[in-house]
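Dear colleague,

I am handing over the structure below, and I would ask you to keep it open beside this message while you read. My notes on what was found in it follow directly after it.

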Amino acid sequence: MRIMWKSMDKMRCFRKRSMFPFLGFLFTFLLFFNLYMDDGYVLEAEKRRLGDTLMQPANSERYVHTFRDLSNFSGTINVTYRYLAGIPLPRKKYLTIGLSSVKRKKGNYLLETIKSIFDQSSYEELKEIVVVVHLADFDLAWCENLVQEITRKFAHHIIAGRLLVIHTPEEYYPSLDGLKRNYNDPEDRVRFRSKQNVDYAFLLNFCTNLSHFYMMLEDDVRCARNFLTALKKVITSREGSYWVMLEFSKLGYIGKLYHSRDLPRLAHFLLMFYQEMPCDWLLIHFRGLLAQKDVIRFKPSLFQHMGYYSSYKGAENKLKDDDFEEDSIDIPDNPPASLYTNINVFENYDATKAYSSIVDEYFWGKSPCTGDFFVIIFNKSTKISRIKIVTGSEDRQNDILHHGALEVGQKAVETKQGRQCTSYITLGEFKGGNIEVYNVDHKIGFDIECVRIVVTASQKEWLIIRTISLWTTQPVSQLKK
């Protein structure tokens, strides 16, 4: 086992004088192997329930670590996991939430985190999630004691298949001694972060086939109410666009969302470069290598860091996400649509950016004239309950829509200029650059196909449309009360 990892180290433990050769190697390696990737992978890992033998010594010959095809990053890693609580259900869920936890010198927030996940979800949402906890500490007595607490507090979720607790035997881990001390980190810090990369890799590997999407959390997190509903809104709004990682928190490895099909690649990636740098840095490289250049982070954040002591040496860590909001249900739906404007656009601040909930994206156009418009045309007619539009920004408070009207339309037809509505009614006028209309579906007698902003007076100031937020009608029974 150790020999295999040492041979792998020789392949990649070149001494880089700068980050550029290292990044070049990353890019070349993954680009080459990506030619052989496909999504038809199957779970290769034999997973056996060994909860009853948790405290028995592991047989090193039994747990021989092998990679069946190291060149195929779309295949899972051959690992025999120990099931400490629960077993996977045969049906794929919508979302897997993964947590990795180790023994802390001060504080333990894992039980509170699990409780928050379940308490902040409605009954309908609970049907669509599975939570996987990876107890990654080598202290098996600690693992056994914590499993007993988890089983006592969350027995009904375990029985329902919503909670699994696993452990990866130490024999599967690469060497954690004599690691490269990049960035002049102390030896114990390098060991901690390197092991953490492997912990996450084994967790990702296990979760590959459990659901369609995967969310990584840390073990000291509080969740927003109905976070799954908010996630689904965002995923729906991104239909047709390419993404590797969506972010719902700006802190650490909290609230990072992936397609489950990418988990094997990410697991291999973390294992291959486990000693190079912390996991949150590796994630940036992984995202870039799969051609997502920019961060895609949504606001408000859905997850909040709640721990006061780090899992590394019990050091104080009081970081908070100031974008977190407890009630995530207020996130707009923004149904799939096409956006057009005849306002002269500045640089790349195009119309679609006003419709996005991504942090720091907005539309910016040059001085609009009377009759200019900004129109949203839905892919299909929609029942809208609320519309909120905000113009201007903190830095450019004069770049608001000084005089404008909000209209909704129907009877869309195809024209040479594209699909357009032929009939509009006015919902209201902008005041101070903003407008918000409630109970839209009660005020009009048709399903909406278009939403249009019309400039009613020319202005010399430029125009920033910071956010366009639309809420559709949906059953209240799906939400957590």
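This is a predicted model: local features need pLDDT of at least 70, side-chain atom pairs count only at pLDDT 80 or more; totals for chains, interfaces and linings use all residues.

Residues are numbered from 1 along each chain as its sequence is written, and side-chain values use heavy atoms, with hydrogens and water left out.

Salt bridges

The side chain of Lys-383 meets that of Asp-447 in a salt bridge, 3.0 Å from N to O, where the term stands for a side-chain nitrogen of Lys or Arg within 4 Å of a carboxyl oxygen of Asp or Glu. Lys-383 lies in the loop between strand 12 (373–382) and strand 13, and Asp-447 in the loop between helix 11 (440–443) and strand 17, so the pair ties together parts that are 64 residues apart in sequence. Helices (H or I, at least four residues) and strands (E, at least two) are DSSP runs, numbered from the N terminus. Asp-447 is itself partly exposed, at 32% relative accessibility.

By this rule the count comes to 14 salt bridges. One of them joins Lys-232 to Glu-128, with the closest N and O atoms 3.0 Å apart; Lys-232 belongs to helix 8 and Glu-128 to the loop between helix 4 (123–126) and strand 3 (129–135), 104 residues apart. Arg-104, Asp-219 and Asp-220, for their part, are linked in a network of salt bridges.

Arg-265 and Asp-262 also meet through their side chains in a salt bridge, at 3.8 Å from N to O, and here Arg-265 is buried at 13% relative accessibility, as is Asp-262 at 6%. Arg-265 is among the buried residues of helix 9, and ten of the ten residues of this helix (residues 263–272) are buried, so helix 9 is largely enclosed by the rest of the structure.

The disulfide

How many disulfides does a search of the whole structure find? The search finds one, counting a pair of cysteine sulfur atoms within 2.5 Å as a disulfide. The bond joins Cys-421 to Cys-450, with 2.0 Å from S to S, and Cys-421 lies in strand 15 (residues 418–429) while Cys-450 lies in strand 17 (residues 448–455), so the pair ties together parts that are 29 residues apart in sequence. The torsion about the S-S bond is about 85°, so the disulfide is right-handed. Cys-421 is buried at 9% relative accessibility, and Cys-450 is buried at 0%.

In soluble globular proteins, nonpolar side chains tend to be buried together.

Seven strands form an open sheet in the order 1-4-3-2-5-8-7, with mixed pairing, and two strands are said to pair if DSSP finds at least two bridges between them. Strand 1 (82–85) and strand 7 (245–247) stand at the edges, each with a single partner strand, so one side of each is left without a neighbour in the sheet. Strand 1 pairs with strand 4 (residues 163–167) in the antiparallel sense over three bridges, and Ala-85 stands opposite Val-165 there.

Elsewhere, five bridges join strand 13 (residues 384–391) to strand 16, and these two run antiparallel. Strand 16 (residues 434–438) has a covered face made of Ile-435 and Val-437, and an uncovered one made of Asn-434, Glu-436 and Tyr-438; the bridge partner of Ile-387 in this strand is Val-437.

With kind regards

Terms used:
Buried means under 20% relative accessible area, exposed over 50%, partly exposed in between (1.4 Å probe, protein chains only).
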